[in-house]
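Me: I'm new to this one and would like to go through it slowly. Could you take my questions as they come?

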Amino acid sequence: MIINNAETILSVQELNASIDDTQILNGFDITVKAGEIHAIMGPNGSGKSTFSKVVAGHPSYTVGGGTLEFQGKNLMDLEPDERAKLGIFLGFQYPVEVPGVTNGAFLRLAYNTVQKARGGEELDPLEFDDYIQSKLKLLDMDAEFLERSLNEGFSGGEKKRNEILQMAILEPKLAILDETDSGLDIDALRVVANGVNTLHGDNDAVVLVTHYQRLLNYIEPDFIHVVDGGRIIKTGDKSLAHELESRGYEWILEENKSSVS
Amino acid sequence: MSTAIDNIVNQPYKAGFHTDIETDSVGRGLNEDVIRTISSKKNEPEWLLEFRLKAYRHWLTMTEPKWPNVTYPKIDFQDIIYYSAPKPKATKKSMDEVDPELLETFEKLGIPMNERAALAGVAVDVVFDSVSVTTTFKEKLAEEGIIFCSFSEAVKDHPELIKKYLGSVVPYTDNFYSALNSAVFTDGSFCFIPKGVKCPMDLSTYFRINTQDSGQFERTLIVAEEGSQVCYLEGCTAPQFDTNQLHAAVVELVALDDADIKYSTVQNWYAGDENGVGGIFNFVTKRGLCKGKNSKISWTQVETGSAVTWKYPSCVLLGDNSIGEFYSVALTNNMQQADTGTKMFHIGKNTRSRIISKGISAGKSNNSYRGLVKVSPKADGARNYSQCDSMLIGDLCGANTFPYIEVGNKSATVEHEASTSKIGEEQLFYFLSRGIDSEEAVSMIINGFVRDVFMHLPMEFAVEATKLLGLKLEGSVG
């Protein structure tokens, strides 16, 4: 929800980024304030996933120019783990599988690392086990999940739930969820959306990166941005999503071309 | 990020110091006179000299194996010192009389030789270059009828046992390096567990090569009589030298009816520098014979060192219902090469074997698993399960799996699974994006990968091995 005079969580101006000498982001601008939910939409290859990875600090991308600030702090020189400790969370489109590393051990290490950095209390395995129960419940996940290897053999829905479970325990200031709705059936989508809605509050912000309008029926955004050619070409409220659903992206792309020329 | 990974993999070798101790060596090179000299320095009986000479003459007719997937400069066998011993100051009666410099060396390596050994509850035999320096807990073990001593002592005190079992599992004709070892072996450990005795503590041998250009040719023989049990640990280090040193050991295990031998190795011989200069050539023959019914031999190895490793701890499952196991983690980094695996020979009925191999390659190293499962026509109901997983760190290393399966009996069940994975940027980024730094990420991924093997190591050894993997990989992921 939009709150007057809310703190600016993420400020991005004129951001350029490339991978293997191919420029993907091209003058990307966005400002995200506490309490808000933003949806970034756009056709495949428009640069929306790249944007999420660049904010999280993926090493494959080279930032060419512009500013990238989190709560007024320049992110450019920070490693991905330092950004995570500050409170940036990226929910992955394709979470990696790690055999032999139990989900529970991974979650606890992530939790304790971030807690330590923020001056909070670290938990031993038993305490952590207590702590995580309510989070598991929120996402309708069985405790058996913790014993399994990290994402290994997880169904698409289980992987996405596991991402939101991580969001739940890391309590980020900024959660960027990259195509969290892809590969989810309707029940799983509800569970995931309910999780995000429950976790989101007035002091944090959520950015949903999505190709489809479907997710936005469950998580109501305050702003919708349409990305093409590596930058936001149109911003609107949630009604824009419905227009996109019925008319597709073409008309905006056309509109944008004619306004540029 | 690649620098972070480089830092994780490229830790300096911590056991790479050299101790200045006066040594008693024979000159370089090998001929019958050298063998006679070694034998006489050790006051050996005539039959053992004969064994050596027969092995030497056979060795002369053999050529080095060329089939392993490794390359290294030709070894000049006439440029090796075949016997090197710390010069004795006097005959030692107790630990207090052991050369203090030697004690200091083992102190640096963290080997419990004195009271610390008592606390740790591990009996240790330490082999320095060619000779065994000390064996702890000998008397306490003797109360149980257990013999645990250096090989040389065993030749003197228990010749009938040595005569009976030496070469009974690995004959000198077996291969080029076992023949060489049989000709020139200088010391090692001997362990005998009598009928029905469960060894009350883990037995351990620590090997160290100290002299430049010396070879280490130790011989280990473990005999577990009917219904007995023993858990044996072996550790190895060597100082850093620019030249390669040869380590060609032979280990023989014999398990009689219902006996159980568990043999664990953590091998951290000097691996050479990042350009592949120096390091140990580790050409070892290890084999266990499950001679009796219901006997069991279990090999667990953590191979992290050596420039070149060529090693296949094997089980001959002769007794009905006998069990052979092989759990292995082989890590190679920089220019290291490893060709390692196992052989399981199913001869008795209802014999079972299990192979879990985990290869980790980093740097420009090359890591091969090579394993043979052979079921003889008489081995009704034999079963084998093999799992070979490889993990690559970076883009310049290699991993290979060479499974050989020969089944001569229709009732046998043989399963083989293999996988290759990679610690890549995406995996690391996933951990980093959760606040976990790259060092911790790599260590967690690696520990997850080796978990199925490390759970078979004795507790203290598993802790050591985990630390060692961390050290060896420090700086290498990217």
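Me: How many residues of helix 1 of chain A are buried?
Reply: Keeping in mind that this is a predicted model, helix 1 of chain A, residues 48-56, is mostly covered, with 9 of its 9 residues buried. The buried residues are A:Lys48, A:Ser49, A:Thr50, A:Phe51, A:Ser52, A:Lys53, A:Val54, A:Val55 and A:Ala56.

Me: And what comes just after helix 1 of chain A?
Reply: That is A:Gly57, which takes a positive phi of about 95°.

Me: Let's step back to the chain. How many helices and strands does chain A have?
Reply: Chain A has 8 helices and 12 strands, and 43% of its 261 residues count as buried. Its C-alpha atoms fill a box of roughly 65 × 40 × 40 Å when taken along the principal axes.

Me: What radius of gyration would a compact globule of 261 residues have, and what does chain A have?
Reply: A compact globule with 261 residues would have a radius of gyration near 18 Å, and chain A agrees with this because its own value is 18 Å.

Me: Now chain B, how many helices and strands there?
Reply: Chain B has 12 helices and 23 strands, and buried residues make up 57% of its 478 residues. Among contacts with a separation of 6 or more, residues 24 or more positions apart account for 83% in chain B, while the corresponding share in chain A is 74%.

Me: Where do the two chains meet, and how many residues are in contact?
Reply: On one side there are 24 residues of chain A, in contact with 17 residues of chain B. The elements that give two or more residues to chain A's side are helix 2 (80-86), strand 7 (98-102), helix 3 (103-117) and helix 5 (156-170) of chain A. Helix 3 of chain A gives the most, with 5 residues. By class, chain A's side divides into 16 nonpolar, 5 polar and 3 charged residues.

Me: How do helix 3 and helix 5 of chain A cross?
Reply: Their axes come within 10 Å and cross at roughly 30°, and the crossing of helix 3 and helix 5 of chain A is right-handed. From helix 3 of chain A, the contact is made by A:Asn103, A:Leu107, A:Ala110, A:Tyr111 and A:Val114, and from helix 5 of chain A by A:Asn162, A:Gln166, A:Ile169 and A:Leu170. This contact has 6 nonpolar, 3 polar and no charged residues.

Me: Staying with helix 5 of chain A, why does A:Gly156 count as partly exposed?
Reply: A:Gly156, which lies in helix 5 of chain A, is partly exposed because it has 14 other C-beta atoms within 10 Å, whereas a residue needs 20 or more to be buried and 12 or fewer to be exposed. Not counting residues up to four places away in sequence, A:Gly156 touches A:Gly183 and A:Leu184.

Me: What is B:Ala224 in contact with?
Reply: Leaving aside neighbours within four places in sequence, B:Ala224 is in contact with B:Ile193, B:Val230, B:Val254, B:Ala255, B:Leu256, B:Ala259, B:Asp260 and B:Ile261.

Key
Residues numbered from 1 in each chain as written. Chains lettered and ligands numbered in written order. Predicted model: local features only at pLDDT ≥ 70, side-chain atom pairs only at ≥ 80, totals over all residues. Contact = placed C-beta atoms within 7 Å. Helix = DSSP H or I, 4+ residues; strand = E, 2+ residues; numbered from the N terminus. Nonpolar A, V, L, I, M, F, W, Y, C, P; charged D, E, K, R; others polar. Rg over C-alpha atoms; globule rule 2.2 N^0.38 Å. Axes fitted to C-alpha atoms, helices over the stretch in contact; angles between N-to-C directions. Left-handed = near helix turned anticlockwise from the far one by under 90°.
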